[in-house]
Amino acid sequence: MSNRCYIGLGSNQSAPATQLYRACDALAALPQTELLSCSRLYRSAPMGPQDQPDYVNAVALIDTALEPLILLDALQRIEQQQGRTRKAERWGPRTLDLDILLYGHQQISCDRLQVPHYHMCARAFVLYPLAELDPKLTMPNGTTLQQLLKECPAGSLEALADLPAQG
């Protein structure tokens with residue numbers, strides 16, 4: 001059975017836009033998974049320590065038959081292949097960050113995975129690309145994406161280029 005999932009992509013090191021393009025290619029190559037679409041790229045100020053470059057973010061929409069933790073493992077392998085080293089520092093600079101934002105309509109809470117993704121509802125760099133892919137989206141708790149957008153101003157979020165079409 002296939003599940004519609006939204007994946008958050010972010011990078012602020014080693015040619016961030018290129019990192020996101022490569023990540024979308026890697027998502028398209030995952031087994032039992034189809035990459036349906038990707039938002040355009042967005043630039044945002046870093047969360048946490050401000051002495052790091054701005055982030056480039058996007059959201060990808062996939063259909064996958066991979067179970068949530070198997071998908072998480074696959075995303076972490078992609079991060080590692082693209083040079084990510086996990087550190088204790090939260091919100092520090094990174095070559096690639098891939099997060100499961102939504103996994104179907106499921107709510108998942110375990111030591112390795114929180115879905116919907118922790119604090120995604122207050123992050124413009126997640127909500128605006130998500131709205132680009134599905135403006136009528138409803139969260140698993142029944143809150144609409146449009147309600148969340150009203151409560152989360154875009155601020156300094158800047159739309160950049162479109163990701164190349166897949167196919």
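Colleague: By this rule, a pair of cysteine sulfur atoms within 2.5 Å, what does the count of disulfides come to?

Modeller: The count of disulfides is 0. Take Cys-152 as a case: the nearest cysteine sulfur belongs to Cys-121 and is 9.1 Å away, and Cys-152 is in no disulfide. This is a predicted model, in which local features need pLDDT of at least 70 and side-chain atom pairs count only at pLDDT 80 or more, while totals for chains, interfaces and linings use all residues. Residues are numbered from 1 along each chain as its sequence is written, and side-chain values use heavy atoms, with hydrogens and water left out.

Colleague: Is Cys-152 buried or exposed?

Modeller: The terms rest on relative accessible area: buried is under 20%, exposed is over 50%, and partly exposed lies in between (1.4 Å probe, protein chains only). Cys-152 has 5% relative accessibility and so counts as buried. Cys-38 is also buried, at 18%.

Colleague: Where is Gln-52 found?

Modeller: Helices (H or I, at least four residues) and strands (E, at least two) are DSSP runs, numbered from the N terminus. Gln-52 sits in the loop between strand S3 (42-44) and strand S4 (55-64). Gln-52 is buried, with a relative accessible area of 9%.

Colleague: Which side chain does a polar contact join to that of Gln-52?

Modeller: A polar contact is a pair of N or O atoms within 3.5 Å; within protein, one must be able to donate a hydrogen and the other to accept it, and residues adjacent in sequence count only if both atoms are side-chain atoms. Here the partner is Asn-12, and the contact between the two side chains is 3.0 Å.

Colleague: How many salt bridges does a search of the whole structure find?

Modeller: A salt bridge needs a side-chain nitrogen of Lys or Arg within 4 Å of a carboxyl oxygen of Asp or Glu. The search finds 5. One of them pairs Arg-4 with Asp-63, with the closest N and O atoms 3.5 Å apart. Arg-4 lies in strand S1 (residues 3-11) and Asp-63 in strand S4, so this pair ties together parts 59 residues apart in sequence. Arg-4 is partly exposed at 43% relative accessible area, whereas Asp-63 is buried at 18%.

Colleague: With which residue does Arg-43 form a salt bridge?

Modeller: The partner is Glu-158, and the closest N and O atoms are 2.9 Å apart. Arg-43 is in strand S3 and Glu-158 in strand S8 (residues 158-159), a link between distant parts of the chain, 115 residues apart. Arg-43 is partly exposed, at 32%, and Glu-158 is partly exposed, at 37%.

Colleague: Are Asp-97 and Arg-94 buried or exposed?

Modeller: Both are buried. Asp-97 and Arg-94 form a salt bridge, their closest N and O atoms being 3.6 Å apart.

Conventions:
A disulfide is a pair of cysteine sulfur atoms within 2.5 Å.
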